[in-house]
Amino acid sequence: MERGKALMDARKYNEARAVLEPVGQRDAVAAFYLGQIAMEQNDPSKSVDWLEKAVQLNPQSSVYYDWLGRAY
């Protein structure tokens, strides 16, 4: 997870996505980062998918809901 976040922070989105996608379906943080990456890459549809997954995995996170609203 730390490597994916570091790559994302370095704006190496394709590399970060490759690291995070294998765990994105079961890890809320990874799904959240993948949603942010999709937004940065101007893919709001994919962003919605990932951010909905993040909210599903961690419905207590107001940050995830905020980003999901942005993606909508």
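Guide: The model is predicted. A place to start is α3 and α5, where α3 passes α5 in a left-handed crossing.

Visitor: How is a pair of helices described in general?

Guide: Two packed helices are described by the angle between their axes and the distance between the axes. For α3 and α5, the axes come within 11 Å and cross at roughly 30°. Because angles under 35 degrees count as roughly parallel, α3 is roughly parallel to α5.

Visitor: Which residues of α3 and α5 meet?

Guide: On the α3 side they are Ala28, Val29, Phe32, Gln36 and Met39, and on the α5 side Val63, Tyr64, Trp67, Arg70 and Ala71. By class, this contact of α3 with α5 has 8 nonpolar, 1 polar and 1 charged residues.

Visitor: At what angle do α3 and α4 pack?

Guide: Helix α3 (residues 28-40) packs with α4 at an angle of about 160°, and their axes are 8 Å apart. The cut-off for roughly antiparallel is over 145 degrees, so α3 and α4 are roughly antiparallel to each other. The crossing of α3 with α4 is left-handed. From α3, the residues Ala28, Ala31, Phe32, Leu34, Gly35, Ala38 and Met39 take part; from α4, they are Pro44, Lys46, Ser47, Trp50, Leu51, Lys53, Ala54 and Leu57. The contact of α3 with α4 divides into 11 nonpolar, 2 polar and 2 charged residues.

Visitor: How does the span of α4 agree with its 14 residues?

Guide: At 1.5 Å a residue, the 14 residues of α4 should span 20 Å, and the end C-alpha atoms are 20 Å apart, which agrees.

Visitor: Which residues of α4 are buried, and what do they pack against?

Guide: Ser47, Val48, Trp50, Leu51, Lys53, Ala54 and Val55 are buried in α4. The buried residues of α4 pack against α2, α3 and α5 (62-71). Leu51 is an example to follow: Leu51 is found in α4, which covers residues 44-57. Leu51 counts as buried because its relative accessibility is 0%. Leaving aside residues up to four places away in sequence, Leu51 touches Phe32, Gly35, Trp67, Leu68 and Ala71. The C-alpha atoms of Leu51 and Arg70 are separated by 10.0 Å, with the two residues 19 apart along the chain.

Visitor: How do α1 and α2 pack?

Guide: Helix α1 (residues 2-9) and helix α2 (residues 13-24) have axes 8 Å apart, at an angle of about 165°. That makes α1 roughly antiparallel to α2. The crossing of α1 and α2 is left-handed. Arg3, Gly4, Leu7 and Met8 of α1 make the contact with Tyr13, Glu15, Ala16, Val19 and Leu20 of α2. The residues of this contact divide into 6 nonpolar, 1 polar and 2 charged.

Visitor: Where do Arg11 and Asn42 lie?

Guide: Arg11 is in the loop between α1 and α2, and Asn42 is in the loop between α3 and α4.

Visitor: Is each buried or exposed, Arg11 and Asn42?

Guide: Arg11 counts as exposed, with 57% relative accessibility. Asn42 counts as exposed, with 68% relative accessibility.

Technical notes: Residues are numbered from 1 along each chain as its sequence is written. This is a predicted model: local features need pLDDT of at least 70, side-chain atom pairs count only at pLDDT 80 or more; totals for chains, interfaces and linings use all residues. Side-chain values use heavy atoms; hydrogens and water are left out. Axes are lines fitted to C-alpha atoms, for helices over the stretch in contact, and angles run from 0 to 180 degrees between N-to-C directions. Helices (H or I, at least four residues) and strands (E, at least two) are DSSP runs, numbered from the N terminus. Angles under 35 degrees count as roughly parallel, over 145 as roughly antiparallel, 65 to 115 as roughly perpendicular and the rest as oblique. A crossing is left-handed if the near helix is turned anticlockwise from the far one by less than a right angle, and right-handed if clockwise. Contact means heavy atoms within 4.5 Å. Ala, Val, Leu, Ile, Met, Phe, Trp, Tyr, Cys and Pro count as nonpolar, Asp, Glu, Lys and Arg as charged, and the others, Gly among them, as polar. Buried means under 20% relative accessible area, exposed over 50%, partly exposed in between (1.4 Å probe, protein chains only). The expected span of a helix is 1.5 Å times one less than its number of residues.
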